[in-house]
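Please consult the sequence and the model shown below while reading.

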Amino acid sequence: MSTATPRQRRKDARPQELLAAALDLFVEKGFAATRSEEVAARAGVAKGTLYRYYPSKEELFKAVVRENLGVHIAESAALAAQYEGSIAELLAQMMQAWWGKVGEGNAGGINKIMLVEARNFPELAQFYVDEVIAPSKALLGGLVERGIRAGEFRDVAVEATVHMLIAPMLHLMLHEHSFGDYDACAPSMGAAEMLDAQMSLLLHGLLARPG
């Protein structure tokens with residue numbers, strides 16, 4: 001049985017509560033417009049408590065990115081390293097899993113924030129490249145190369161193929177956080193169906209022996 005007091009349990013939960021509040025506000029208002037005191041208030045703590053865990057808004061944002069994106073990239077990389085089956089099937093599974101973990105919630109809005117505000121915050125832009133973009137490209141590129149070496153995929157331009165894998169997912173997340181509430185056509189096709197169509201079209205172009 002746990003011997004932690006309610007106060008200790010509350011203290012242990014604070015970093016997660018702060019990150020959840022920060023994610024919501026960053027997505028709602030953007031990075032520049034969000035004030036640290038707003039994050040603290042939404043999490044139900046004093047501003048000083050926020051700074052005890054995250055000494056600046058930039059460090060808070062980095063923690064949000066690591067918690068909501070970086071951890072999933074690391075999990076996917078670990079899965080890929082142990083996987084021994086069809087790379088085509090693994091890619092399809094990873095795309096659907098990424099949407100379920102990131103695209104369906106507020107975490108997908110981080111991509112919009114970076115596209116809109118990166119040029120005004122070069123340090124955060126470089127951080128995002130190092131922590132999200134580069135590892136994602138390395139992971140997907142490595143899988144495409146594995147498929148080529150195994151004879152499952154034909155010899156394609158790896159970097160271009162990686163962009164073709166990522167671009168529809170980015171489009172879905174940007175759409176969700178820009179026009180999702182206003183697009184009258186949205187109910188006719190969900191994200192899962194679109195990702196299935198993307199993978200079907202892409203993989204039939206990649207497979208060395210279609211069918």
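## Aromatic cluster

F26 and F31 are both buried, where buried stands for a relative accessible area under 20%, exposed for over 50% and partly exposed for values in between (1.4 Å probe, protein chains only). The model is a predicted one, in which local features need pLDDT of at least 70 and side-chain atom pairs count only at pLDDT 80 or more, while totals for chains, interfaces and linings use all residues. Residues are numbered from 1 along each chain as its sequence is written, and side-chain values use heavy atoms, with hydrogens and water left out.

The structure contains five aromatic pairs. Rings of Phe, Tyr and Trp (its six-membered ring) count as a pair if their centres lie within 6.5 Å; planes under 30 degrees apart are stacked, those over 60 edge-to-face and the rest tilted. F26 and F31 form a tilted pair, with 5.6 Å from centre to centre and 40 degrees between the planes. F26 also pairs with F61, edge-to-face, at 5.3 Å centre to centre and 75 degrees between the planes. This second pair links distant parts of the chain, since F26 belongs to helix α1 (residues 6-29) and F61 to helix α4 (residues 57-82), 35 residues apart. Helices (H or I, at least four residues) and strands (E, at least two) are DSSP runs, numbered from the N terminus.

F26 counts as buried because its relative accessibility is 1%; F61 is buried with a relative accessible area of 1%. Ring pairs join F26, F31, F61 and F121 into a cluster.

## Largest pocket

The largest pocket holds about 660 Å³ of space. Of its 25 lining residues, N111, V132, S136, I166 and L170 are the closest to its centre. Two or more lining residues come from each of α4, α5 (87-103), α6 (109-117), α7 (122-149) and α8 (158-176), and α7 gives the largest share, eight residues. The lining divides into 20 nonpolar, four polar and one charged residues. Here Ala, Val, Leu, Ile, Met, Phe, Trp, Tyr, Cys and Pro count as nonpolar, Asp, Glu, Lys and Arg as charged, and the others, Gly among them, as polar.

Pockets and cavities are found on a 1 Å grid over the protein atoms alone: a cavity is a set of points where a 1.4 Å probe fits but cannot get out, a pocket is an open set with protein on both sides within 12 Å along at least five of seven lines, and lining residues have an atom within 4 Å of a point. Grid points are joined across faces, edges and corners, and a volume is the space filled by probe spheres set on the points.

## Cavity

One cavity of 30 Å³ or more is found in a search of the whole structure. The largest cavity holds about 40 Å³ of space and is lined by F31, I113, M114, E117, A118, F121 and L124. Its lining has six nonpolar, no polar and one charged residues, with the largest share, three residues, from α6.

## Overall chain

The chain has nine helices and zero strands. Buried residues make up 39% of its 211 residues.
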